[in-house]
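Subject: Structure handover and notes

Dear colleague,

I am passing on the structure below, followed by some notes on what was found in it. Please read the notes with the structure open beside you.

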Amino acid sequence: SSSMSGRSTNTLDRESNAAVTSNEGFQSRADERDVAGFDAWQKGILLRLVETVDLVDIARTAVADLAPLAIAAGYEMSFHGEAECVERRGDSSALRRAIGNLIRNAIEHAGGYGTITVSALADGEISVSDEGPGIPADQQDLVFEPFYRVVPNSRGAGLGLSLVKQIAEKHGGHASIESGSYGTKVTCGFE
């Protein structure tokens, strides 16, 4: 288990550092990628499920890549890997995108405080938890629908969680959400 806060100085790739200095530009590029990704899914582009991927490494890398953005937005970031390595057959690019979308979603909607925790479990589940205001029960099933946004005027195209669900399902897995009045946890299971 490791934790990062605003006081840490991690050396990360240039793209992550650029995201911190240009939060709005990063969000616009992320929105464009989500819309383009959704269009690709709608056209039936298949994932390459031929690679052996390490889910723990993918989750750990996503945390390292997005920690500067989370810290700049007021969060602490934590990673918990239950095992050293959890291998599955899959598309590493799509899986990185799915986990990145979950973390970006928490950064955007958790209120700018608390800890965002990413957990990679030995059974192939990856979850992202936050300590934000939560999602009303009547909206929880809707968050995985394309273009749906809990906060109608929020930034983004409303595609992030829809893409996450599609990527999980294309890998024979699932996506689910648990949320109350305090905190939200989104979990993806990969077969």
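Cys 85 counts as partly exposed because its relative accessibility is 39%, whereas Cys 188 counts as buried because its relative accessibility is 0%; here buried means under 20% relative accessible area, exposed means over 50% and partly exposed lies in between, with a 1.4 Å probe and protein chains only.

**Basis of the values**

This is a predicted model, in which local features need pLDDT of at least 70 and side-chain atom pairs count only at pLDDT 80 or more, while totals for chains, interfaces and linings use all residues. Residues are numbered from 1 along each chain as its sequence is written, and side-chain values use heavy atoms, with hydrogens and water left out.

**Overall layout**

The protein chain has five helices and eight strands, arranged along the sequence as β-α-α-β-α-β-β-α-β-β-α-β-β; helices (H or I, at least four residues) and strands (E, at least two) are DSSP runs, numbered from the N terminus. Of its 191 residues, 44% count as buried. Among contacts between residues at least 6 apart in sequence, 73% join residues at least 24 apart, where contact means heavy atoms within 4.5 Å.

Helix H3 covers residues 55-72, and its 18 residues reach 26 Å from the first C-alpha to the last, close to the 26 Å expected at 1.5 Å a residue; the expected span is 1.5 Å times one less than the number of residues.

Asp 91 caps the N-terminal end of H4 through a side-chain oxygen that lies 3.1 Å from the backbone nitrogen of Ser 93, and just after H4, Gly 111 takes a positive phi of about 90°.

**The nonpolar core**

Which residues touch the most other members of the largest nonpolar core? Of its 40 residues, they are Leu 102, Ile 103, Val 118 and Ile 126, a nonpolar core being a set of buried Ala, Val, Leu, Ile, Met, Phe, Trp, Tyr and Cys residues joined through side-chain atoms within 4.5 Å. The largest share of this core, nine residues, comes from H3.

Leaving aside neighbours within four places in sequence, Ile 126 is in contact with residues including Leu 55, Ala 59, Val 118, Thr 187 and Cys 188. Thr 187 itself is placed in strand S8 and counts as buried because its relative accessibility is 6%.

Val 164, in helix H5, is buried, with a relative accessible area of 0%. Apart from neighbours within four places in sequence, Val 164 is in contact with Ala 98, Asn 101, Leu 102 and Cys 188. The C-alpha atoms of Val 164 and Asn 101 are separated by 7.0 Å, although these residues are 63 residues apart along the chain.

With best wishes

Technical notes:
Polar contact = N/O pair within 3.5 Å; in protein donor to acceptor, adjacent residues only side chain to side chain.
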